Amino acid sequence: MNTTPPGPFPSGPARGTALAAAVAAVCLLASGCSGSGGSDAGSDADTAGKSSGGIKVALITHGAPDDAFWELVKKGAQAAAAKDGIALTYESNPDSKGQADLVRDAIADRVDGIAVTLAKPEAMRSAVAAARAAGIPVVGLNSGIDAWKSGGLLEYFGQDESVAGQAVGDKLDSLRAKHALCVIHERGNVAVEARCAGVKKTFAGRTEMHYVDGTDMDAVTDSVAAALRQDRTIDEVVMNGAEFALAAVKSVKEAGSKAEVATFDLNKDLVKAVRSGDVQFAVDQQPYLQGYLAVDAFWLYKTNGNFSGGGEEPVLTGPAFVTKQNVAAVSKFAANGTR
């Protein structure tokens, strides 16, 4: 479904002065920083651009507090905000109602743009519509690639999770796996569900979905270990996050299983696991890049009317396979906390 791009940023005499300051600030380059706190699940009230009245952007995700993946997203967003002179606020809540409330708070705060994840698109629909009604452009990132256009978002930055899942299925075939356990740590998350569905679509062997409580890592380890003990034919465990993959490594050892572990997503600890062979491969969707592009998009839209993909196509940031053979190429960036 095609939608008309949201209207321009709010304007006015005061905003015009702020625009000049924002454009001048483009020459400033600063590195991103990380931090956490605030709200139920995570808030960073520091404004990366440090501009006094320039473009105000809210980045609102469904990430859990202190999650390494979302720290990468936030770092990328902060780097773009610092470069562009954008006053950035990052907030998150893994509860979809809480996330929608954060969007409404941003509207009340009269921000100039909202970047949002759509892990549960229907729960976010009314809040996104309210932002558009208020004349605030909204871009999507990370989750909701099948819902951003129908929801009226201006742009989308992320990985096509179905395509990524199918690529993993093909990869497992090339590795001659026979029975995969695809572990879903958040029931109803469209991105995670699409990955496992994609694996099942292309993998010639047996794909078994296994649901766990992603908020309790010990429970994840125990549940996966129990599944491996119960069925010794499982020879591949596919996880949906770097920290979950590291938990699965423990599960394999506890169960005395010979199964390999593969995963979606990457961080510096996972890089070490790939290097050591504890994790067979990882699929990198480049979360730092997602955060960077989502925030930089507002500066481009504000100053030059640009919107990536023309409002018709998403900007893909993955998938890319990281294996023992090529992990050295990304390890230095992972050590810096940006991959």
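A residue is called buried when its relative accessible area is under 20%, exposed when this area is over 50%, and partly exposed in between, with a 1.4 Å probe and protein chains only. The structure examined here is a predicted model, in which local features need a pLDDT of at least 70 and side-chain atom pairs count only at pLDDT 80 or more, whereas totals for chains, interfaces and linings use all residues. Residues are numbered from 1 along each chain as its sequence is written, and side-chain values use heavy atoms, with hydrogens and water left out.

Helices (DSSP runs of H or I, at least four residues) and strands (runs of E, at least two) are numbered from the N terminus. Helix α3, which covers residues 96-108, has 13 residues and spans 19 Å from its first C-alpha to its last; this is close to the 18 Å expected at 1.5 Å a residue, where the expected span is 1.5 Å times one less than the number of residues. Within α3, the buried residues are Gly98, Gln99, Ala100, Leu102, Val103, Ala106 and Ile107. These buried residues of α3 pack against strands β2 (56-61), β3 (87-92) and β4 (113-116), and also against helix α4 (121-133), a contact being defined by heavy atoms within 4.5 Å. Just after α3, Arg110 adopts a positive phi of about 60°.

A search of the whole structure for disulfides (pairs of cysteine sulfur atoms within 2.5 Å) finds 1. The disulfide is formed by Cys182 and Cys196, whose sulfur atoms lie 2.0 Å apart. The pair links distant parts of the chain, with Cys182 in strand β7 (residues 179-184) and Cys196 in helix α6 (residues 190-202), 14 residues apart. The link between Cys182 and Cys196 is left-handed, with -85° about the S-S bond, and both cysteines are buried.

Most residues other than glycine have a negative phi, and most peptide bonds are trans. Finally, Gly318 and Pro319 are joined by a cis peptide bond with an omega of about 10°, and Pro319 lies in the loop between β12 (315-316) and β13 (320-323).
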